[in-house]
Amino acid sequence: MDQEFWLQRWREGRIGFHQSRVLPLLQKHWPALALPEGSRIFVPLAGKSLDMVWLAAQGYRVLGVEISALAVAQFFAENGLTPDVHESRYGVHHRAGDIELIRGDAFALDEAALAACAGVYDRAALIALPADLRRRYVDELYARLPAHCRGLLVTLEYPQHEKAGPPFSVEETEVRTLYPPRWIVDRLERRDILADEPGFGATALQTTVYRLDRVG
């Protein structure tokens, strides 16, 4: 799974991972993080998620990163936004109001790019990556987030042998192996959603929400 894999998915419109509504679990659990209005929230592998619009509407400044130019263009067009555009060493920045999307490689973001982020929201990034990249993703990208950063992580769990990812199944045991000791992991909710996803192609499907707290 290299960058071309995702670029091809967007070119072909194979974006079943995109949700046409704000995730209810985000709306339910985000307030528990008690992040002040105006805080900057990092959204990795952002796609054209409507969750970014919701976060901005709550008074947060959103910083997303996405490799696909199509995804970035569709996000702003579909939400009636005209972004200002500039380039940096991280990629091409698109900014409209309190939402900034960088078209570039998430792994290219360094501590300076993420220094102002008080929160992180990961709904579709960790589960989009195979096991070997999940370890690199947490060890490199999450390690660059500042001390005392707080976030929500949303995963899926299903019998992996029944379906080829992405999205991949990420069990709680793996989450609790990947994130400590840099992050404190607190499971907030696990919910059976198989009935809501009849075409998913597995005999069981759960979604789990975790709170993450960066150790100072």
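Predicted model: local features only at pLDDT ≥ 70, side-chain atom pairs only at ≥ 80, totals over all residues.

I paired rings of Phe, Tyr and Trp (its six-membered ring) if their centres lie within 6.5 Å, calling planes under 30 degrees apart stacked, over 60 edge-to-face and the rest tilted. I got seven aromatic pairs by this rule.

Residues are numbered from 1 along each chain as its sequence is written, and side-chain values use heavy atoms, with hydrogens and water left out.

I then checked burial (buried is under 20% relative accessible area, exposed over 50%, partly exposed in between; 1.4 Å probe, protein chains only). Tyr137 is buried at 1%, and Tyr142 is buried at 2%.

Next I followed Tyr142 to Tyr179: their ring centres are 5.0 Å apart and their planes at 85°, so this pair is edge-to-face. Tyr142 lies in the loop between α6 and β7 and Tyr179 in the loop between α7 (172–178) and β8 (183–192), so the pair ties together parts 37 residues apart in sequence. Helices (H or I, at least four residues) and strands (E, at least two) are DSSP runs, numbered from the N terminus. Tyr179 is buried too, at 2% relative accessibility. I found that Tyr137, Tyr142, Tyr179 and Trp183 form one aromatic cluster.

Last, I looked at Ala147, in the loop between α6 (131–141) and β7 (150–157). Ala147 is partly exposed, at 41%.
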